[in-house]
Amino acid sequence: MASWSKFYALASLILALTASKTVFADDDLPEVQIEEQFIEMHTGPALGFPVFHVAAKGEWITVIKRRTNWFKVRTDKGKEGWVKLDDLRLTLSSEGEAVKVEDGSFDSFQQRDFEFGAYGGALEGVPSMSVFAGWVITENIATELSYSQALGDFSENRYALLSVTHTTFPEWKVSPYFRLGFGQLQTKPKANLVQSGEETRTSDLLAGSIGVRYYLAQNFVVRLEYQNLLALTDRDDNEELEEWKLGFAVFF
């Protein structure tokens, strides 16, 4: 238990030191001038979103963020919308040169808002499966909701976690991360064991994780993770579980 306490203390300190959100002034955002007759601005980053505004030739627009091959921009009159990569390539920089933009890249990953994915792994030697959804708050901090299930010969474990993740070096394609979370664990014995007195039990759960994520390509990320779970039971001793997981995530 001493090693668990040290892990929590170290991870909590890291999260506290990096929880502040990085804010960029408008002066840091690039501005481009429309060279074609017009550019269509959509309400969202996909062709399925309707066009709500047309920016005319000669107007200046500010590029706010990128999501895959779409860019959120703002006009001089304050209208904000999304334009396609191909349209942004038809603009000029402040130096009067054609804007050069790479196709889907690591930059779009760094500006993601959401992640969804799945893991396969082993919980105390028993095969486990997990699904998760995450919301990126800052370049370092994200929240995550996950659900996992492990089916063993004697019992079935299911648990849900709400956690906070800190990525140490978000500017690296390969970067370690730490996670702290809490949730609930449900342990259900096999049907042939219920008659022996074993019953389904629910316990509060604390979780600490350390892992590494690798930006693969386009919208895909690979994650390898070790997780330590502490089930707060009604027994004299709490139950400590270890889990290894490998999975993929997509981002938007």
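**A walk around the model**

Guide: Gladly, and please keep in mind that this is a predicted model. Let us start at a loop: I137 sits between β9 (126-136) and β10 (141-151).

Visitor: Is I137 buried, partly exposed or exposed?
Guide: Buried means under 20% relative accessible area and exposed means over 50%, with partly exposed in between. I137 has a relative accessibility of 31%, so this residue counts as partly exposed.

Visitor: What do the strands β8 to β15 form?
Guide: They run in the order β8-β9-β10-β11-β12-β13-β14-β15, and their pairing is antiparallel. From one strand to the next, the twist averages 25 degrees. The strands form a closed barrel of 8 strands.

Visitor: Over how many bridges do β13 and β14 pair?
Guide: Strand β13 covers residues 201-217 and strand β14 covers residues 220-232. Across this pair, Y214 stands opposite V222 in β14. The two strands pair in the antiparallel sense, and the number of bridges is 13.

Visitor: What is the phi of E124, in the loop between β8 and β9?
Guide: Most residues other than glycine have a negative phi. E124 has a positive value although this residue is not glycine. Its phi is near 50 degrees.

Visitor: How far apart in sequence are R223 and E144, which form a salt bridge?
Guide: The closest N and O atoms of R223 and E144 are 3.0 Å apart. R223 lies in strand β14 and E144 in strand β10, so the pair ties together parts of the chain whose separation is 79 residues.

Visitor: Which residues do salt bridges that share partners join into one network?
Guide: R223 has a salt bridge with E144, and R223 also meets E115, at 3.7 Å from N to O. E115 in turn meets R112. Salt bridges that share partners give one network of R112, E115, E144, R179, R223, E225 and K245.

Notes. Residues numbered from 1 in each chain as written. Predicted model: local features only at pLDDT ≥ 70, side-chain atom pairs only at ≥ 80, totals over all residues. Heavy atoms only, no water. Helix = DSSP H or I, 4+ residues; strand = E, 2+ residues; numbered from the N terminus. Buried < 20%, exposed > 50% of the residue type's maximum accessible area, 1.4 Å probe, protein only. Pairing = 2+ DSSP bridges. Axes fitted to C-alpha atoms, helices over the stretch in contact; angles between N-to-C directions. Salt bridge = Lys/Arg side-chain N within 4 Å of Asp/Glu carboxyl O.
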